[in-house]
Every structure is written in C-alpha cells, then in structure tokens.
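Subject: Handover of the structure

Hello,

Here is the structure I promised to pass on. Please open it first, then read my notes below.

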Amino acid sequence: MSRVAWIPAGSVALLALLALAAPLLPLPNPVAIDVAHRLAGISALHPLGQDEYGRDELSRLVCGTRVSLAVAVIATGIACALGVLLGLVGGFLGRFAELATVRSMDVVLCFPPLLLALLVVTLIGPGASALIPVLALLYLPGFVRVVYAGVLSVRAQDYVEAMRALGARRARIMFLTVLPNVGGPVLVQFSLAAASAMVLESGLSFLGLGVVPPSPSLGLMIGEARSTMAQAPMLLLWPCLALGLAILALNALCDALRDAFDPQGRASPGRGWRALRAALPGGAPAPGPVLEVRELTLQIGSAAAHPVRGVSLTVAPGETLAVIGESGSGKSLTGLAAMALLPGGIEVDGGAVFLEGREMLRLDEPALRRLRGGRIAMVFQDPLSSLNPVHRIGAQISEALRAHQLLTRRAAWRKSVGLLRRVGIPDPERRARAFPHELSGGMRQRVMIAIAIANDPVLLIADEPTTALDATVQAQILELLAELRKERRIALVFITHNLPVVAEIADRVTVMYAGEVVEDGPAAEVFAAPLHPYTAALLASAPRDDGTSPVGIPGMVPMLHNRPPGCSFAPRCSRRAPSCEVATPPLNTLRPDRHTRCLRWRELA
Amino acid sequence: MAWLLHRVVVAILLVWVVASIVFLAIRLVPGDPATLLLSQGGMAPDPGAVAALRAQLGLDQPVWLQYLSVLKAALHGNLGASLEDGTPVVSAILQRLPRTLELIGAAALIAILAALPAGLAAATRRGGGFDRIASLLAAIALAIPVFVAGTLMVLVFAQWLRWVPAGGYVPLAQDPLRHLRLLAMPALTIALGLSAVTFRMTRAAALEVAQKDYIRMARAKGVAPPRILLHHVLRNALMPVVTVLGLQLGSLLGGTVLVEYVFNWPGLSGLLVDAVNARDYPEVEGIVLVISVLFVALNLLMDILYAVLDPRVRQR
C-alpha cells in the first residue's frame with residue numbers, strides 16, 4: 001500500500017477502535033436524563049455540555065458514532081457476503097443462474113436508493129433491525145456486479161480451464177481462483193458501501209425512521225438538536241462534525257484502495273510541454289535544410305535515462321529521409337521532438353531542432369502552433385486513435401485548415417472535400433460526413449494524410465504510417481505519399497522499421513539504434529554497402545524477393561537503464577572485437593553525408 | 001432506430017415490474033388501511049364500519065382482482081382517489097411533482113455551471129493550486145450528508161446571518177422574489193454533493209482524454225488550446241460526465257425527501273412519506289409509479305444523449 005493510504009486507513013482504524021471500545025470508556029450513561037441541567041454548557045463532568053434532556057453530549061457522540069458505524073458495517077457485511085455468493089453463483093452456473101442472481105438486481109437498481117429505504121422502513125417500522133436488511137439489500141447489487149465481472153474475466157483464463165479439465169470441483173475453483181482476484185474490487189466496494197450506508201442510516205434516523213430514541217445515533221442527534229438550534233448551536237455542530245469526519249475518513253480510504261487496486265487511475269504526473277523551454281544550447285541555424293536536428297538528447301524525467309542521445313539529421317527541401325530502426329531506437333521520439341510535441345515526462349537535455357532555420361525548441365507555444373500543421377505536419381501510426389471519434393472527417397480536416405487560414409466554415413468544408421478527393425477517397429462529399437469508425441484503416445490513413453497536407457507543409461513527418469495496414473493498402477499509401485511529395489515538393493521524414501518500404505521511396509537513410517544514429521548516407525549506398533553491422537543485420541532480417549529466408553538479429557535492444565559499456569550493439573553483433581565492449585565508438589565521418597558509428601568499419605568495409 | 005425501440009420496450013416492462021412489486025409489497029405488509037382510517041384517537045373501530053369501508057374501497061376483493069382493476073385504471077391515466085380525503089391521486093401528484101422537479105433542476109443547473117468549468121480547469125493545471133483546493137473541497141462536500149449540509153445552512157444563513165428564511169414555499173406566480181429566496185438554500189444544498197461528483201468525474205475524464213492520440217493530433221494540426229479544450233477534450237469527456245450526472249439525478253428523484261423535510265419544501269417526497277404512513281394505497285402506488293416512470297424515462301434520455309454525443313453508439 002502506498003504511503004498516502006496509511007492516513008485514511010489509520011483514521012478508519014481509530015474510528016473502529018473508538019466504536020468498539022466505547023462501552024469500556026469512562027463515560028457517563030448516554031441515556032441518563034437530567035432535566036435540571038438541560039442545555040447546560042461545558043462542565044468538568046460534561047466536557048461538551050448537556051443536551052435538551054440534560055444527557056451528556058460527549059458520551060452520546062461516542063455512542064452515536066458507534067451505533068451509526070455498527071449499522072453501516074453490519075449491513076455492508078451482509079450485503080458483501082451475500083453479494084459475493086450470488087456473484088459467484090451467477091458467474092459460474094450458467095445462464096439461468098445468471099438471470100436469477102445478476103439480472104434480478106437490476107430491479108433494485110431501478111429504485112432511487114433513499115426512496116426504497118424509506119418505503120421499506122415505513123412499512124416495516126423504524127429501528128436498527130429494519131434498517132440493516134434494507135441497507136444490505138440496497139448495497140447487494142454493487143457486490144454482485146463486482147464479483148460477477150471478476151468471475152467473467154477470470155473464468156476465461158487458461159488456468160481455470162486447466163483446473164476444470166483436471167477435474168477440480170466448481171466450488172473449489174471458485175474459492176481458489178476467483179476470490180483472490182476479486183478481493184481488491186470487493187474491498188473498494190465495501191468501503192464505498194459502508195460510507196454510503198452511514199449516510200443513509202443517519203438520514204433515516206434524522207427523519208425519525210432509523211434508530212429509535214433514546215439510544216443515540218448521529219442522525220438522530222442532529223434531528224433533535226435542530227429544535228434547540230437557536231439556544232445551543234454547538235449541540236448541532238458536534239454530531240455534524242463527527243458524521244462528516246467519519247464519512248470523510250471512509251471516503252478517503254475508498255479512494256486510496258481504488259488507487260492501490262486500479263493502477264490505471266494513477267498515471268504518473270507528466271510535466272507536459274511547458275517544460276520544453278528549459279535552458280537549451282543554441283547555435284546558429286545552418287542555411288539550406290528544411291529540418292536540421294543537431295545533437296539532440298532527450299531524457300526521461302529527472303532520471304539519467306536517455307532514450308535519444310546526440311542524434312543529428314538533416315533533410316533538404318523536397319528530399320525524403322528514412323529514419324529506420326527497431327522499436328525502442330528513439331526514432332519516433334526524434335520525430336515528435338521535431339514537432340516540439342514530446343509526451344509529458346520526456347525533456348530535452350541538449351541539442352537543437354531547426355525548422356527552416358527557426359529553433360523549434362526555443363519557440364513559445366503560440367509560435368509553435370502556427371508552425372505545426374502549417375509548415376510542418378505529421379502523420380501518426382494509428383489513424384483510428386488519432387482521429388477524434390466524435391467529429392466528422394470533414395470537420396477534422398476543416399479544423400486543420402481553419403487553424404492556419406482565414407476561411408469560412410463552408411469554404412473550409414469544400415476544401416476538405418477536395419483534399420479527400422486528392423488523397424484518393426471515392427465519393428468524397430459523402431465520406432466527409434462520415435465518422436472515423438465508419439471508414440476502413442486505409443481510408444483513415446488517407447484522411448490523416450489529407451489533414452497533414454491541408455496547409456501545404458514544407459515538411460511532412462510520417463511515423464510508421466503503414467504499420468497498422470495490410471500489405472496491399474501499405475503499397476497504396478506509399479504510392480500516395482510518393483506522388484504528393486513530387487507534386488508539392490514536400491520534404492518527407494519517413495520513420496519506419498520496415499526496410500523494403502524505405503528502399504523505394506527514400507533519398508537518404510539514417511539508421512538509429514538504442515537512441516543513437518549508427519549510420520547514415522544516401523539510400524542506394526547504405527542499402528548496397530552498409531558500413532555498420534547493425535544496418536547489415538537489419539537488411540538481412542528483412543523479407544526478400546529472391547526467396548532466401550530472412551535472418552533475424554539475435555538478442556534484444558538494450559534496456560534504457562542498462563546499456564552495455566562500449567558499443568551499444570556489441571552484445572548482438574556478429575563482428576564484434578574485444579575493443580568494441582570497452583570504448584564507446586564515435587560517429588566516424590567518411591564524407592559530409594556519410595557516417596558510421598562502428599569502430600571496425602575500415603576493416604569490415 | 002431499432003435500439004431505441006428496444007430500449008423503450010425494456011423501459012415499459014421495467015415500469016410494469018416496479019409497479020407490480022409495489023402493489024404486492026404494500027398489501028403483504030400488515031396493517032389494514034380501513035382500520036387505520038377509522039381508528040381515531042386510539043379507539044378500536046367498529047368492525048361493521050371497517051367491513052363497510054373495505055367493501056367501498058374494494059379491499060374485500062381478492063388481491064389479483066384488485067391488481068387488475070388498478071392496472072386497468074392506471075392505463076387510462078387514472079391512479080384512483082386518495083383513501084384519506086378522496087381527492088384524485090393524479091391531481092395531488094401534479095401539484096407536488098413540479099416543485100420537486102424545480103428543486104432538482106435548479107440544483108443540476110448550479111452543479112453543471114460550477115463543476116464542469118472547475119473540473120476542466122483543475123485538469124488543465126493538474127496538481128496546481130486550484131486543482132488541490134477544488135479537489136479538497138469536493139472531498140469535503142462528498143463527506144457531508146445532504147441533511148447535515150441543509151441543517152448547517154439553516155443555522156448559518158437563516159439563524160445567524162438572517163439572509164434567507166429558514167424554509168417554506170411560496171408559488172412563483174404569487175411572489176417571484178420570495179419564491180427564489182426560498183428555493184436558494186435547498187437547491188444549493190442538493191447542488192453541493194452533485195457538484196462534487198460532477199467535478200470529480202469531469203476532472204478524471206478530462207485527464208484521461210488528454211492522454212489520447214487525437215489530442216496530440218489536434219496539437220500537431222496547430223489547433224489553439226482553448227479550441228482543443230472545448231472541441232476535443234470536453235466533447236469526449238462529456239460522455240462519462242453525463243453518465244454520472246444521470247445516475248445522480250435519478251437517485252435524486254426520490255432522494256429529495258431529506259432536503260424537502262429540512263427546508264419544509266412541500267414536494268413529492270413529502271406527499272409520499274405521508275401517504276405511506278397513512279397506508280394510503282392508491283396514493284403510494286401512484287407516486288411510486290410516477291417516480292419510476294420518471295426514473296426510467298431519465299435513463300432512456302441518457303441513452304439517447306449518448307447516441308447524440310457519441311456517433312459510435314448510434315451504430316449499435
């Protein structure tokens with residue numbers, strides 16, 4: 001359990017202890033009437049004063065908490081025990097049992113809870129004995145559903161099937177496998193229901209329909225103190241405070257439990273893009289290239305983990321650069337850095353990115369906004385998750401247009417239809433009115449491309465644009481990109497792990513491994529005569545036309561926190577020498593446009 | 001449209017089941033309404049008079065016959081007459097229901113206006129000063145039961161500060177200003193818890209949506225932050241918020257009892273409590289029927305709202 005959870009857990013434990021120990025405490029009798037001292041103030045015997053019948057307020061407060069808590073916990077306990085049983089039965093014993101146990105609960109949920117409690121209590125009569133079954137009934141459906149959902153998810157798992165195949169009895173399977181798995185959610189549900197039951201109990205007691213006087217309950221005390229509110233407001237405030245604090249503690253425990261059992265709920269707090277504008281090394285922009293990434297180093301949070309280290313690359317106008325590497329090589333992050341769109345938690349540690357001479361990482365957000373989608377655009381890997389599910393395709397393209405051009409809604413829509421036609425979508429007028437989920441994967445990627453070229457960018461970054469597509473569609477998308485770049489003279493950065501894809505389209509290639517550039521050069525040269533063993537291995541691992549089977553690269557990309565000393569690729573390299581594992585190899589320059597990060601490149605060439 | 005038809009049929013069935021359960025439950029519970037009606041001042045009533053009244057009210061017939069006749073009348077919009085004073089149940093309900101709906105509506109309006117922007121603001125500056133303060137306030141608001149909040153409000157604003165009357169009701173047509181002054185405290189009391197839940201849900205949903213690829217995409221398009229917040233984040237975060245709000249409003253349909261009691265607001269729940277205490281069968285059945293119809297209708301409305309908000313739902 002996390003550190004934060006101890007505070008609410010401790011408060012609830014304290015509360016429970018107080019409730020349990022109440023009879024042992026040296027307190028006056030909470031129901032002893034002393035009319036002579038009604039509404040008396042603070043005295044040595046009565047530290048919180050006396051109520052309208054002269055009863056000791058502190059003693060009633062402690063006992064009232066005890067009663068309220070007891071009713072809530074007993075009712076929730078019954079609901080929990082019954083609910084777990086019904087949920088297990090419903091989950092394991094087939095359709096009829098499911099109908100009888102799980103679906104029947106919907107009827108209970110159909111009543112507003114307070115209304116149901118009110119009805120039953122008024123019909124049966126007030127008192128804790130009526131209250132407990134009502135509250136139990138009210139919270140039953142919650143437990144049934146939690147356990148039923150747990151059973152469904154566990155039932156499908158292999159080991160349960162295996163146990164059944166081995167002949168284990170159903171009851172045994174239930175208790176051994178399912179219960180430990182639903183324990184967390186049931187615990188969360190318990191604290192939730194207990195807090196809610198306490199609220200309902202005190203509400204009903206307040207109305208005079210719950211705990212019967214003279215025995216104290218917090219709700220009852222608040223109800224009684226209302227009549228003497230003018231003379232003795234403290235009598236009203238004390239039970240209000242006690243009830244509020246008790247429920248606050250239960251709620252806080254519930255939140256903490258939920259955090260503990262549902263890790264999805266606590267994403268690490270990313271600092272976002274604001275942190276980008278840290279002190280960065282500057283430098284004069286080189287004239288000429290559309291994009292120049294210079295010695296870019298990224299780090300994750302404050303840890304010494306660097307997913308991108310000293311990466312440099314340049315893209316000339318109209319040129320296509322392929323950035324290739326396995327996943328984890330830092331190629332996608334480099335692409336995002338070029339847009340100044342790094343995800344939260346990842347920061348620039350050094351280096352610079354120039355777009356047509358402008359230092360992207362030093363620009364403020366409004367300036368970046370004018371560039372993004374305008375001069376520089378990006379096509380992401382997964383078009384389904386990148387398109388907003390609730391807006392029409394045409395509206396999403398129009399939005400990109402109107403973010404950079406002064407257009408009426410109608411003019412933007414017309415342009416959007418034109419763009420859809422340009423990227424090869426049939427019947428574009430109708431398709432513009434479609435939602436993303438109504439299109440095929442290939443069409444969605446065409447829409448992404450339409451959005452990217454909407455404002456005639458000089459640079460388009462395509463991050464694995466064909467990975468999510470099947471082979472024929474892949475080829476079509478590639479063809480479209482090749483056409484567009486010729487037609488509009490767009491420089492293209494094509495990020496991929498798929499070498500054959502690159503061979504046809506790229507002018508130049510930059511190969512990345514473990515966050516570093518290991519080789520770059522003109523595409524034809526790199527493919528014909530790779531200078532780095534990793535490039536050679538990548539080429540050998542790609543599927544080939546000539547029928548020879550591809551050769552996989554042994555081993556895995558090193559972990560971010562655990563890079564080998566020396567050359568990062570050495571552990572997987574078939575050509576490594578002892579020296580490779582000692583010194584980190586520098587990026588050797590053969591020509592201004594040809595580099596390799598291999599120590600032995602002269603011998604191996 | 002098929003799904004809508006399906007939902008409507010299910011909704012009607014649910015209402016029928018609920019009405020039948022209430023009909024049966026109220027008759028299975030001990031306590032004869034005729035005896036109760038005639039026993040004034042603790043004296044045991046004359047058995048002959050009780051039998052006559054039972055015959056007059058149709059209580060001497062077999063339960064299934066009573067059930068059929070009640071069902072038939074209800075289908076014709078006739079919920080019977082109150083056993084206590086003989087007035088039609090429908091008119092009593094029509095008098096009280098708008099007051100309860102007004103209370104819920106005002107509270108919902110306050111909650112939406114306050115919590116939606118606050119939730120978004122807290123999410124955009126997560127962990128910032130506003131987020132911390134608003135989250136803490138929401139946690140406190142959630143821990144205060146409505147009747148406690150109501151009672152404390154009466155103590156502070158009516159008793160001590162004397163800004164507003166402690167409670168009561170005046171029709172809007174009679175004195176609009178006083179009507180609103182009387183509405184303020186009960187509406188705020190309900191809005192307190194409602195806002196806390198709405199705030200939490202908005203904040204959580206907005207944080208989750210902000211992680212989505214399409215938000216990154218919108219930024220890559222160069223869309224301005226306010227537009228991203230409204231058109232992309234809020235628009236998608238609205239669905240879970242609507243779900244929670246719908247559930248909350250549903251539970252308020254019968255859940256205003258305490259607030260109506262604290263502030264002396266003569267709404268539908270007060271009528272129900274009186275009717276249950278008097279064993280006024282037709283009135284209890286009528287009110288519960290109306291509430292469950294409203295409850296089911298609200299759920300149906302939520303389903304339709306999902307379809308409006310999320311085009312993916314429309315396909316199913």
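What percentage of the 316 residues in chain B is buried? The figure is 39%. Bear in mind that this is a predicted model.

**Chain B**

Chain B has 14 helices and zero strands. Along the principal axes, the C-alpha atoms of chain B fill a box of roughly 85 × 55 × 35 Å. Now take the contacts in chain B with a separation of 6 or more: 72% of them join residues 24 or more positions apart.

Look at helix H5 of chain B, residues 89–124. It has 36 residues, so at 1.5 Å a residue it should span 52 Å. The end C-alpha atoms of H5(B) are 51 Å apart, which agrees. There is a bend in H5(B) of about 25° at Arg96(B). A proline, Pro98(B), follows within four residues.

**Where the chains meet**

Chain A gives 52 residues to the contact, and chain B gives 52 residues. On the side of chain A that touches chain B, these elements give two or more residues: helices H5 (113–124), H8 (170–206), H10 (233–261), H12 (365–371), H13 (383–386) and H14 (393–404) of chain A. H10(A) has the largest share, with eight residues. By type, that side of chain A divides into 34 nonpolar, 12 polar and six charged residues.

**The sheet in chain A**

Chain A holds an open sheet of four strands. The order is S2-S1-S4-S5, and the pairing is antiparallel. Strands S2 and S5 (358–359) of chain A are the edges, and each pairs on one side only. Helix H11 of chain A, residues 331–338, packs on the sheet. H11(A) touches S1, S2 and S4 (346–355) of chain A, and its direction makes about 115° with that of S1(A).

How many bridges join strand S1 (residues 291–300) of chain A to S2(A)? There are five, and the two strands run antiparallel. One pairing to find on screen is Leu296(A), whose bridge partner in S2(A) is Val311(A).

Strand S2 of chain A covers residues 308–315. Six of its eight residues are buried, so S2(A) is largely enclosed by the rest of the structure.

Most residues other than glycine have a negative phi. Two places in chain A are worth a look here.

- Ala340(A) has a positive phi of about 55°, although it is not a glycine. It sits in the loop between H11 and S4 of chain A. Is Ala340(A) buried or exposed? It is buried, because 25 other C-beta atoms lie within 10 Å.
- Glu464(A) is not a glycine either, and its phi is positive, near 45°. Its loop runs between strand S7 (459–463) and helix H18 (471–488) of chain A. With 20 other C-beta atoms within 10 Å, Glu464(A) counts as buried.

**One more loop**

Ala577(A) lies in the loop between helix H21 (533–541) and strand S11 (588–591) of chain A. It has 13 C-beta neighbours inside 10 Å, so it counts as partly exposed. From its C-alpha atom to that of Ser215(A) the separation is 86 Å. Along the chain, Ala577(A) and Ser215(A) are 362 residues apart.

Best wishes

Technical notes. Residues numbered from 1 in each chain as written. Chains lettered and ligands numbered in written order. Predicted model: local features only at pLDDT ≥ 70, side-chain atom pairs only at ≥ 80, totals over all residues. Buried ≥ 20, exposed ≤ 12 C-beta atoms within 10 Å, placed from the backbone. Pairing = 2+ DSSP bridges. Contact = placed C-beta atoms within 7 Å. Nonpolar A, V, L, I, M, F, W, Y, C, P; charged D, E, K, R; others polar. Expected span 1.5 Å × (residues − 1). Bend = angle between axes of the 7 residues up to and from the residue. Axes fitted to C-alpha atoms, helices over the stretch in contact; angles between N-to-C directions.
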